[in-house]
Amino acid sequence: MNSVSLSHPISTFSLCIFSVFLSFFVLHHAPPYSPNQSQPLNSSRSHQINRSNYIVRFTIYKSAQAHRKYLELGLRLGGWGWIERRNPAAKYPTDFGLVWIEDSSREGVIEEIERLELVKDVNMDVTYRRDLLNEGRRDKDGAFVDGQKRPGKIFTSMSFSDGDGDGDCQYYTAMTNSSINWGRQLLSQRSQVTSLFGAEALWGKGYTGSKVKMAIFDTGIRANHPHFRNIKERTNWTNEDTLNDNLGHGTFVAGVIAGIDTECLGFSPDTEIYAFRVFTDAQVSYTSWFLDAFNYAIATNMDVLNLSIGGPDYLDLPFVEKVWEITANNIIMVSAIGNDGPLYGTLNNPADQSDIIGVGGIDYSDHIASFSSRGMSTWEIPHGYGRVKPDVVAYGRDIMGSKISTGCKSLSGTSVASPVVAGMVCLLVSVIPETSRKDILNPASMKQALVEGAAKLSGPNMYEQGAGRVDLLESYEILKNYHPRASIFPSVLDYTDCPYSWPFCRQPLYAGAMPVIFNATILNGMGVIGYVDGLPTWHPSDDEGNLLSIHFTYSEVIWPWAGYLALHMQIKEEGALFSGDIEGNVTLRVYSPPSQGEKNIRISTCVLQLKLKVVPTPPRSKRVLWDQFHSIKYPPGYIPRDSLDVRNDILDWHGDHLHTNFHIMFNMLRDAGYYVETLGSPLTCFDAHQYGTLLLVDLEDEYFEEEIEKLRDDVMYTGLGLAVFGEWYNVDTMVKMRFFDDNTRSWWTPVTGGANVPALNDLLAPFGIAFGDKILNGDFSMDGEQSRYASGTDIVRFPGGGYMHRFPFLDSSESGATQTVLRTPEMTAADSPILGLIEVGEGRVAVYGDSNCLDSSHMVTHCYWLLRKILDFTSGNIKDPVLFSNSAKQDSPIYVEDNQLPSRRTDVNFSAYSAVLGKELICRSDSKFEIWGTKGYHLEVRGRNRKLPGHPVIDLGRGLNSTVDVSKLRRTAMSKKNKDEFLGNRYLGLFYRDEPDMPLLVGSHWLVPSIIAVTGLLVFLSFWRIRQKRRRRRKVSGSGRFSNP
């Protein structure tokens, strides 16, 4: 009886212990913030494609047969085979092999190949495809037509217009939102381009390009062409059995370089022409063809190489690294910068590489040609700053050159400007005696002669013209007396020289700002490899110069021939009231190993002159911070264009930087009196007390949990303004936008929409705001301003008490992006909320669902007027009567359930492109010096406030590890959450029902576990008390029993 009665409490007690343990486990081990772990990119492919070609790169040069035998002995798996390459390079050692691999065996075979000791890597044999002779049909150029990808590698327009064709061309420019007429500058007769550069003067001295080996990588040339006196060799690298040029482009390029016809003279008539036919009649080429042709150019000791192709993919490593090898072997390469102007951030590779002479185009009036691509280079962004490119510009409009068989014609494009410079280079090479050429001439020394001799044009900035228009005779004078040395390009940064020094001259320096980064190129004419000797040094010309603090990042090893020197410039706190100019020099010592026959190392001191304009620190309300850190671009991921109306340029590859495709907006903000700074680090890395508005435009990345918490506090309790310009995001549309790439044998799927709306919704959740997944298009008018809403999204959550603007737009999300959406009678345009403004605590928030009106890439109409009104509100609490009219007052909140919000994709490996997922939160070198290497403001940091060499510790105010008046902030601790959930979950319903002055932060995932834990604890205490009472009873009854006789 007693045994039975005691079993129940014991079981209950065990159950209580287990319940408490489980509750605390749920409470304390709830999953921390973990962004959605996406799956690898869908690599399914058509069943008709069963094998693909791959490039296997080796660490050493051997014969192709030796490499083949090495693979055959080292591989155990089948499903692969060696591809014989029958071309002129076959008799020379090579560093790569071409193999086919069955798609079903791809992963295993590639993994086994890459395990071999002598294998460097395995890459897809990428196809290059280009259009020629079609400048008048620019809308048909490129890798995409009407939203569909053409066969071949993604490239940009490298096309030309026939000057004998339809006359004047019309070009659209986002600068004016109108067409501008680029009529012919020469009406009755065209001047010889050789005469415009004074080539006759060098011909008269006996310099004609003699004994210079010129490699022309193009469409080939016909034998015995009457315009050439020295065609040394023609080689074919394609899969077509011909050496002839059936398109005319290779012949034209050769004519500009070395033609002898009096109507279309070339610069170097005696240059030895080596025609490399690397494009088929269908204008297609493969990386493997280029690699073999490049190896052959190295083996046959070419002097100069002209390459008139290019594209945005600077991550095609076999191609890019082979270009480095070309220049490392002392071949001077000249390449067209691209025909994607007048847009900024459109430099083409390989012309954007530091070791290549990148050439832009001008017309005969010394205006930058509309088609010429603009800088800066985009390799370095979003977490740095680009280099100055092009290097030089040359005439590229209506240039005369040779036709396929006989006669002359005129073409336009940077691919025409490139051979103009290549012809000059051949002429300049012949100036140096053949016996000492290789000791003096190299890619760096030739670039030094060109950029130092160039004539700076009045009007264009450095990212349009580089050093300026090439000057053949000035470069000749430099080379005639050249001694190997190192130099910096550009050699001067002058804030008083506008517009050439744009964007630097548009905004002066001031204390407390984010570092201004200037990225210069180091050119080392002393040797293919060089080293920086010691640290770069700042030498101010007077005491005021000590107010400038510069931190340097640079290439410690300079190879091949070039490196970089980046200046991170800040004005010290004691210069907060200073106004004036700061001048001085930055010096850098470079050394290279001794040349052949020399005993001592070569040493050179480079000088960069600075003249900087400084003003007192502007008021907070005039300071705007631009978030660059959360921007993702192509390459490496398929980041789609923001406007789905653009059918022939579907990739977002222009950098999304203030000084690339948002450069007009930057100029507008400066004209309006705002000072705009760039943040390339997480949102924890800026002091919100210093800025009126944080500007988030077209962002694709995720956010750290700490960023979300800090921004909430910055807005609510520090008074920071927040302006967000979103973009479309619709998973169904993204799926429809995918395409099968025949080069990589995989499906390419957008990794996000125009913007990462789910991530933005997490960021905006503390304010009760969220974007939807509609894709809205239409025109609207506000305050007399006509605007276009192009593939924008809608607002689906917004608190009551704010101001909301709605307009009737068509929703094309159900139609997808694979076809043009035409309005039908049954389609109706419903009112959609697109603009919201609200005061939140001490700060203000404005959200707008479209960014195309700020982006100059494919702008239809701008909305700078709206941006100014928004900034007036977010920074200065100035309420425009139209934006804050009574009709726009939002009395009741807008709210949708969590399951109606846009969700993240789970079928793409987003972490491969993200700077957040799987990464460490750290402030980078583009944040203020004092927080480099830390996690940011108000967060635990590594090593406290570290004193950097040469930089005194300054008072940061409410900065690192500082104490804040918690009673004033009244802030609620933000709970951790799973990224798949919308912040606040369903408990935000409290916020919408009560409508307090600021959003309430209510716990979500911790609330239920806490209740369970408390309940379990109470149950445990109750049973513990019951058990204690029973023990006392047993004790009493037991003592009485033992006392009985």
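**Ground rules.** I number residues from 1 along each chain as its sequence is written, and I leave hydrogens and water out, since side-chain values use heavy atoms. As the model is predicted, local features need pLDDT of at least 70 and side-chain atom pairs count only at pLDDT 80 or more, while totals for chains, interfaces and linings use all residues.

I then listed the contacts of Val421 (heavy atoms within 4.5 Å), and, leaving aside neighbours within four places in sequence, found Val334, Ile357, Val359, Val392, Ala394, Leu450 and Val470.

**Sheet.** I traced an open sheet of 7 strands in the order E11-E12-E10-E14-E15-E16-E17, with parallel pairing; two strands pair if DSSP finds at least two bridges between them. Strand E11 (231-236) and strand E17 (392-395) are at the edges with a single partner strand each, so one side of each has no neighbour in the sheet. From one strand to the next the twist averages 25 degrees, with axes as lines fitted to C-alpha atoms, for helices over the stretch in contact, and angles from 0 to 180 degrees between N-to-C directions. Within the sheet, strand E10 (residues 213-218) pairs with strand E14 (residues 304-307) over 4 bridges in the parallel sense, and there Phe217 stands opposite Leu307 in E14. Helix H6 (residues 249-258) lies across E10, strand E12 (272-277) and E14, at about 155 degrees to E10. Helix H11 (residues 443-453) also packs on the sheet, touching strand E15 (332-336), strand E16 (357-362) and E17, and its direction makes about 30 degrees with that of E16.

**Backbone.** I noted a cis peptide bond from Phe489 to Pro490, with omega near -10 degrees, and Pro490 lies in the loop between strand E20 (486-489) and strand E21 (492-494). Ser791 has a positive phi of about 60 degrees although it is not a glycine; Ser791 lies in strand E37 (residues 785-792) and counts as buried, at 1% relative accessibility.

**Disulfides.** I found 4 disulfides, each a pair of cysteine sulfur atoms within 2.5 Å. One of them joins Cys264 to Cys408, S to S 2.0 Å, and the torsion about their S-S bond is about -60 degrees, so this disulfide is left-handed. Cys264 is in the loop between H6 and E12 and Cys408 in strand E19 (residues 408-411), so the pair ties together parts that are 144 residues apart in sequence. Both Cys264 and Cys408 are buried. Cys498 and Cys505 form another disulfide, with sulfur atoms 1.9 Å apart; Cys498 is partly exposed at 41% relative accessible area, whereas Cys505 is buried at 14%.

Notes: Helices (H or I, at least four residues) and strands (E, at least two) are DSSP runs, numbered from the N terminus. Buried means under 20% relative accessible area, exposed over 50%, partly exposed in between (1.4 Å probe, protein chains only).
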